[in-house]
Amino acid sequence: MQFTLLRYDKLDSTNTEAANLARRGAAEGICVVADEQTAGRGRQGRSWSSAKGDGAYFSIILRPKLEARCLSLIPLMAAVAVHDVLRMGFLIPPDIKWPNDILVGEKKISGILAEAIDTPTGLVVIVGIGLNLRNAEPDLNATSIEAESQFPADRDDLIAYIHEEMSRLYENLLADPPSIVRLWSERSSYVEGKDVTVTTGDETFDGTTAGLEENGALRVQRCDGRISIVQAGDVNRLRAV
C-alpha cells in the first residue's frame with residue numbers, strides 16, 4: 001500500500017479530517033498529519049493531549065477488503081506496527097494493553113483510535129495514531145520517546161517507519177487475518193495470565209486474561225471460573241493491595 005501524506009498546521013482532529021476526505025472519495029493510503037490537534041480523540045470518547053511539537057498525530061484511510069468480523073483486527077494490526085517501530089527503531093521495550101494502547105513500564109506512550117464509516121464508495125476504516133515524542137504529562141501516567149530512548153525521534157521519519165510496518169502487516173491481515181492475532185499475542189503481556197479490571201458499558205468485573213478470540217476480542221476468566229468475551233471496553237491491570 002502506498003501512503004500519501006497531507007500535512008496541516010492545526011486540526012480539531014485528524015480522524016475527523018480523514019473521515020471527511022474519505023466521504024469525498026479519498027483513496028486508501030491517504031494519511032492526514034497535524035502539527036497540533038485542538039480536539040484530539042481517544043477510545044471511549046476520551047480526549048488526547050495534542051500540543052504542537054510534542055507528538056505525532058496522524059490518521060490513515062483504509063478501504064479493507066475484509067469480512068465484517070475481521071474489521072476489529074485493524075486496530076490490533078496498528079498496535080503491532082507501533083510496537084515494532086518503538087522496539088526496533090528506538091530500543092524501547094513496549095507492551096500492548098488490550099486492545100491497542102502502547103505502554104512502556106505501564107505508562108502510556110501511544111494510543112490508537114479506529115473508526116469505521118460508510119462512504120458513497122464503500123466502507124472505510126480510519127486509523128488514528130497519537131504517539132508522544134516529548135513532554136508527556138506525568139499526571140496522565142504517560143511517557144514519551146524522549147523520556148525512554150537515547151535516540152531522537154523525528155516526527156516525519158517516525159510516521160514513515162510506521163507506514164512501512166503497517167503496509168507489511170496490512171498485507172498479512174488481508175491474506176491471513178489470524179496472523180494478526182498471533183503477532184499481537186506475541187507482543188503483549190496482557191494476552192494471558194494478567195489480573196485485570198474490566199469495564200464495559202454495563203458492568204465492571206475482575207478477572208484474569210485468557211487469550212484472544214479469532215476476531216481479537218479478549219477472553220477473561222472471572223473469579224468464579226466463567227469466561228467472558230470482551231468485545232469493547234477498558235481493561236486495566238489489577239494492582240495488588
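Pairing first: I call two strands paired if DSSP finds at least two bridges between them. Helices (H or I, at least four residues) and strands (E, at least two) are DSSP runs, numbered from the N terminus. The model is predicted, so I keep in mind that local features need pLDDT of at least 70, side-chain atom pairs count only at pLDDT 80 or more, and totals for chains, interfaces and linings use all residues. Residues are numbered from 1 along each chain as its sequence is written, and side-chain values use heavy atoms, with hydrogens and water left out.

Sheet. I find an open sheet of seven strands with mixed pairing, in the order β1-β2-β3-β7-β6-β5-β4. β1 (4-11) and β4 (95-97) each have a single partner strand, so one side of each lacks a neighbour in the sheet.

One pair up close. β5 (residues 101-104) and β6 (residues 107-119) are antiparallel over three bridges. I looked up isoleucine 102: its bridge partner in β6 is serine 110.

Helices. α4 (residues 155-175) lies across β1, β2 (30-37), β3 (55-62) and β7 (122-132), at about 30° to β3. Which residues of α4 meet α5? They are Leu169, Asn172 and Leu173, and on the α5 side I note Ser179, Ile180 and Leu183 (contact means heavy atoms within 4.5 Å). The axes of α4 and α5 (residues 178-187) come within 6 Å and cross at roughly 130°.

Notes: Axes are lines fitted to C-alpha atoms, for helices over the stretch in contact, and angles run from 0 to 180 degrees between N-to-C directions.
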